[in-house]
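Hi,

Here is the structure I promised to pass on. Have a look at it first, and then read my notes below.

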Amino acid sequence: LRRRLKYKDFPEFIRIWTWKTTFVEEEQDFEEIAYRALEWFSTQNVRYVEAFYAPGDYRMQGLTAPGITEYLIEGKERAHRDFGIRCELIADVVRDHGPELGMDRLDDVTPYLGKGVIGIGLGGSEQSFPADPYESLYREARERGFRLTAHAGEVAGAESIWAAINKLDTERIGHGLRAGEDPELVSLLKERRIPLEMCVLSNVETQLCASAKDHPIRQYFDEGLIVTANSDDPGMFGTTLTQEYLALAEHLNFTLDELKRLSMNAINASFLPEADKQAMRSAFETEWQELIT
């Protein structure tokens, strides 16, 4: 399986992603998937996860977005009871499926907003499906109370990030790898403090970066952008959040204090209520001080 999960480029990753989804045949499988994933994250000392899921990817098996969502919620609640890890869900409407199906997905998950689902995302083949057609969907999602994030600047260039900001009014950018192509965009990201959800090792695995040391997260961090370290699809890329932090230290010379700042960025960029953020900041501050001093 590990040999199968190798990618010569991003389109091949999408093809293998689609192949992988065919092995999930029952909606109730998602209860165990959520539980085991969160159990695994908890062994890495992860305290809180905002997890993406794409229910539309399973429609060919006849699985429904409401059914998938309900079982994911059951799984994450069981994991919270057993391991203490918290999780909120972000429903990915997937660019490749088109805005009409995307609106159907939004309608499907709206009853679960505030009951386990917290936001929507826009993943998929960014290079082939621009963000502009999703403008009305994102406007509607915001009006309903969803928090907003969107993949942009991973495969396509800076113009894709501009579209996510100007058309979707997104609160966070997934990846933002190619933001540096446009200095004006970098200035805007810094001024507005729009977080970039960066995933070093997955960008290497999909051949978007030649190596971890070539990743721009170090440059963006030094320029004052709000960047966070994320594990993307850890099962697909054979990585963990722990390995992401190790790569930052080993290949990009992040110090312990700088890694602490990244973890604090993650809290600040999260969609948690402010009171929960403050409690988590306090807990992290205590544990980081034990590591650093």
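**Helix pairs**

Let's start with helix 11 (residues 241-252) and helix 12 (residues 256-269): their axes come within 11 Å and cross at roughly 140 degrees. That angle makes helix 11 oblique to helix 12, and the crossing of the two is right-handed. On the helix 11 side, the contact is made by Tyr-245, Leu-248 and Ala-249, while helix 12 brings Leu-259, Leu-262 and Ser-263. Sorted by class, that contact has 5 nonpolar residues, 1 polar and no charged ones. Before you go further, please keep in mind that this is a predicted model.

The other pair I looked at is helix 2 (residues 29-43) with helix 3 (residues 65-83). They pack at an angle of about 35 degrees, with their axes 7 Å apart, and the crossing of helix 2 and helix 3 is right-handed. From helix 2, the contact is made by Phe-30, Glu-31, Glu-32, Ala-34, Tyr-35, Leu-38, Glu-39 and Ser-42. Helix 3 puts in Ile-68, Tyr-71, Leu-72, Glu-74, Gly-75, Lys-76, Arg-78, Ala-79, Asp-82 and Phe-83. By class, the residues in the contact of helix 2 with helix 3 divide into 9 nonpolar, 2 polar and 7 charged.

**Helices with a buried face**

Which residues of helix 5 (residues 135-144) are buried? They are Leu-137, Tyr-138 and Ala-141. Seen down the axis of helix 5, these buried residues fall within an arc of 95 degrees, so they line one face of the helix. As a reminder, an α-helix has 3.6 residues a turn, so residues three or four places apart point the same way. The cover over the buried residues of helix 5 includes helix 4 (99-109), strand 3 (117-121) and strand 4 (147-152).

Helix 7 (residues 183-192) has Leu-185, Val-186, Leu-188 and Leu-189 buried. Looking down the axis of helix 7, you'll find its buried residues within an arc of 160 degrees, so they line one face of the helix. They pack against helix 6 (158-166) and strand 6 (196-198). What does the face of helix 7 turned away from the buried side carry? There you'll see the exposed residues Pro-183, Glu-184 and Glu-191.

**Some single residues**

Most residues other than glycine have a negative phi, which is the background for the next two. His-175 is not a glycine, yet its phi is positive, about 80 degrees. You'll find His-175 in strand 5 (residues 172-175). Is His-175 buried or exposed? It is buried, with a relative accessible area of 2%; the cut-off for buried is under 20%.

Gln-207, also a residue other than glycine, has a positive phi near 65 degrees. Gln-207 lies in the loop between helix 8 and helix 9 (217-222).

Helix 8 (residues 200-205) is also where Glu-205 is found. Leaving out residues up to four places away in sequence, Glu-205 touches Leu-5, Lys-6, Tyr-7 and Phe-237.

Cheers

Terms used. Residues numbered from 1 in each chain as written. Predicted model: local features only at pLDDT ≥ 70, side-chain atom pairs only at ≥ 80, totals over all residues. Heavy atoms only, no water. Axes fitted to C-alpha atoms, helices over the stretch in contact; angles between N-to-C directions. Helix = DSSP H or I, 4+ residues; strand = E, 2+ residues; numbered from the N terminus. Parallel < 35°, antiparallel > 145°, perpendicular 65-115°, else oblique. Left-handed = near helix turned anticlockwise from the far one by under 90°. Contact = heavy atoms within 4.5 Å. Nonpolar A, V, L, I, M, F, W, Y, C, P; charged D, E, K, R; others polar. Buried < 20%, exposed > 50% of the residue type's maximum accessible area, 1.4 Å probe, protein only. Arc of directions from axis to C-beta.
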